[in-house]
Amino acid sequence: MHSNKTITVVLLSVIAAVLFIPFLGRVHLFDWDEINFAECSREMIKLGDYTRVYVNFKPFWEKPPMFFWMQSLAMKTFGVNEFAARFPNAICGIATLIVVYLCGRRVQDSKFGLLWALAYGGSLFPNMYFKSGIIDPWFNLFIFLALYFFILYTWRRNGSDKEGLRYKPVTYAVWSGIFMGLAILTKGQVALMIFLLVVGVYFIYNRFKFYFGWGHALLFLVVASLVTATWYGYETIKNGPWFITEFLKYQYRLLTTHDAGQEGFWGYHYVVLLIGCFPASVFAIPSFFKAHYNSRHDKDFKMWMLILFWVVTILFTIVQSRIIHYSSMAWFPVTYLAAYTFYKWERKELNYKKYVGVFVTVLGAIIALLLLAVPLIGMNVKRLIPYVKDTFAQGNMAANVTWTGLEGAVGIIMVITLVAGIIYLRKRKFDNAAWTYFGGTAIVIFLAAAVIVPKVERYSQGAAIDFFIERQGEDCYVASLGYWSYAPFFYTMKEKPANPNSYDEKWLLSGDIDKPAYFVTKVDRVGDYEQYKDVKELYRKNGFVFLKREKPAK
């Protein structure tokens with residue numbers, strides 16, 4: 001039995017590596033988050049300062065350093081490039097699939113663990129985020145592990161008869177604290193807030209019975225604090241409290257205010273999860289209702305996952321943050337519930353309802369149509385320009401990108417997946433259906449990342465990135481005008497400025513500059529800078545306008 005577990009873990013690792021590692025460097029990093037974080041890591045290496053986070057060589061207290069340490073290590077190994085920036089999350093993808101397999105195996109059995117790994121690796125956004133350079137995949141994994149070990153702690157403390165719980169309750173409490181500390185080091189105190197809210201809601205569900213010991217709870221907090229002290233404590237001792245104080249003030253501001261551009265309707269996160277976590281999101285629906293439980297652990301773990309789902313989605317609805325990855329912590333319970341549905345269907349402990357097949361086919365058909373439409377639109381995009389009012393979008397659409405039509409194969413594979421999947425569902429071959437839906441979706445994402453995403457990126461930012469890359473090694477200033485971008489720092493491989501005036505846009509545009517200054521703006525904003533007569537237009541391309549100001553003659 002133990003050898004079977006090892007073989008499965010090795011196979012899962014290989015499959016996950018094949019899914020997540022290829023094509024990481026095939027497309028430029030995207031503004032804002034991907035380039036922002038990669039630039040923080042590049043500057044960490046450049047400055048040799050691994051306790052403070054900088055961007056544009058100024059203190060950046062929005063995030064703790066854990067993820068930047070990972071990226072810095074990857075950059076030291078693979079060079080400062082897109083592959084290195086995204087590599088930590090590919091490793092996180094491998095780790096996540098192994099974790100959900102082992103957790104599922106412990107909660108139910110090996111088959112359930114495989115179904116959970118399959119659901120996570122074979123759903124849209126959960127898979128795609130492992131090919132990105134953002135912080136959330138590691139953050140979510142650490143929070144989930146903290147909660148998972150806390151659940152095992154409660155089972156062990158309360159006299160569980162669950163097999164495989166070999167250690168004393170204190171061991172599980174310590175592991176829970178370690179992963180909570182790592183989560184806080186990755187993205188801040190919101191990790192502890194999510195954890196405590198889930199624990200609190202379970203306390204209410206448990207009719208206010210204390211299911212944990214106060215000594216263990218204190219130990220959990222002490223361990224989490226000791227892990228975070230590797231940065232919070234060290235940085236404060238080394239440089240004083242200023243940086244940490246600013247970081248904590250920012251974290252508080254983040255939770256109590258929301259950016260004007262992030263407002264939206266209250267159901268935003270539910271729609272994002274339904275589409276973004278397809279097909280797991282649809283298959284999870286039957287498991288939100290009562291099922292036949294074959295043990296108290298079966299029922300209890302499902303309750304924890306339901307609470308986690310509702311806490312995350314309600315919390316970020318209240319906070320009014322309309323950023324997709326804020327609700328990404330809910331991918332763990334959603335994929336768990338999807339695996340749960342298939343598991344119970346196969347064991348005849350849950351009745352198959354036809355609405356699931358209809359819903360997954362309709363939503364899947366919309367996604368397939370979009371995938372089929374992309375190359376068609378791409379091949380005819382210039383004909384659509386007269387119908388678009390936005391001048392910047394018109395410029396984007398004028399980019400020369402070669403579409404052959406073969407990219408439509410991605411959409412065709414999605415259609416085949418849906419057809420084969422519904423046939424298996426109708427025949428009640430649920431295992432085959434699970435492998436078809438999730439396996440097919442994983443292949444679709446893999447191919448889309450290889451052939452569709454790089455072409456779409458050429459429209460949105462390709463011309464600007466090319467310009468920044470051309471400035472590498474040139475002794476000059478480079479800045480964006482009229483819009484914010486991290487690309488001028490990362491893609492020019494910017495050196496630490498010797499002249500503090502270079503941070504002042506007005507000085508760059510009209511001051512006594514000591515070397516040439518290049519600017520990138522957008523066609524709909526270039527008019528705002530016409531008064532600067534020294535600033536000459538070099539050329540326009542794909543919605544961007546490229547400008548240069550020479551060093552004034554003495």
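Trp32 lies in the loop that connects helix α1 (2–20) with helix α2 (33–47). Helices here are DSSP runs of H or I with at least four residues, strands are runs of E with at least two, and both are numbered from the N terminus. A cis peptide bond links Asp31 to Trp32, with omega at about -5 degrees.

Before I continue, a word on the source. This is a predicted model, in which local features need pLDDT of at least 70 and side-chain atom pairs count only at pLDDT 80 or more, while totals for chains, interfaces and linings use all residues. Residues are numbered from 1 along each chain as its sequence is written, and side-chain values use heavy atoms, with hydrogens and water left out.

Pro279 belongs to the loop between α13 and α14. Most peptide bonds are trans, and most residues other than glycine have a negative phi.

Phe57 has a positive phi, near 60 degrees, and sits in the loop between β1 (54–55) and β2 (58–59). Is Phe57 buried or exposed? Phe57 counts as buried because its relative accessibility is 7%. By definition, buried means under 20% relative accessible area, exposed means over 50%, and partly exposed lies in between, using a 1.4 Å probe and protein chains only. Arg428 is not a glycine either, and its phi is positive at about 60 degrees. Arg428 is found in the loop between α19 (409–426) and α20 (430–451), and it is partly exposed because its relative accessible area is 42%.

Let us now consider strand β6, residues 544–549. All 6 of the 6 residues of β6 are buried, so the strand is largely enclosed by the rest of the structure. In a regular strand the side chains alternate between the two faces of the sheet. In β6, Phe544, Phe546 and Lys548 point one way, whereas Val545, Leu547 and Arg549 point the other way.

Which strands pair with β6? Strand β4 (residues 517–522) pairs with β6 in the antiparallel sense over 6 bridges, and Phe519 stands opposite Leu547 there. Strand β5 (residues 536–541) also runs antiparallel to β6, joined by 5 bridges. Two strands are taken to pair if DSSP finds at least two bridges between them. Tyr539 has Phe546 of β6 as its bridge partner. Strands β5 and β6 form a hairpin with 2 residues between them, and Asn542 in the turn has a positive phi of about 50 degrees.

I close with the surface. Phe265, Trp266, Val271 and Ile275 form a nonpolar patch with about 450 Å² of accessible area together. Patch residues have over 30% relative accessible area and no salt bridge; like charges are joined within 9 Å, and nonpolar side chains (Val, Leu, Ile, Met, Phe, Trp, Tyr) within 5 Å. Accessible areas follow the Shrake-Rupley method with a 1.4 Å probe, and for residues only the protein chains shown count as cover. A salt bridge is a side-chain nitrogen of Lys or Arg within 4 Å of a carboxyl oxygen of Asp or Glu. Val271, in helix α13 (residues 268–276), counts as partly exposed because its relative accessibility is 38%.
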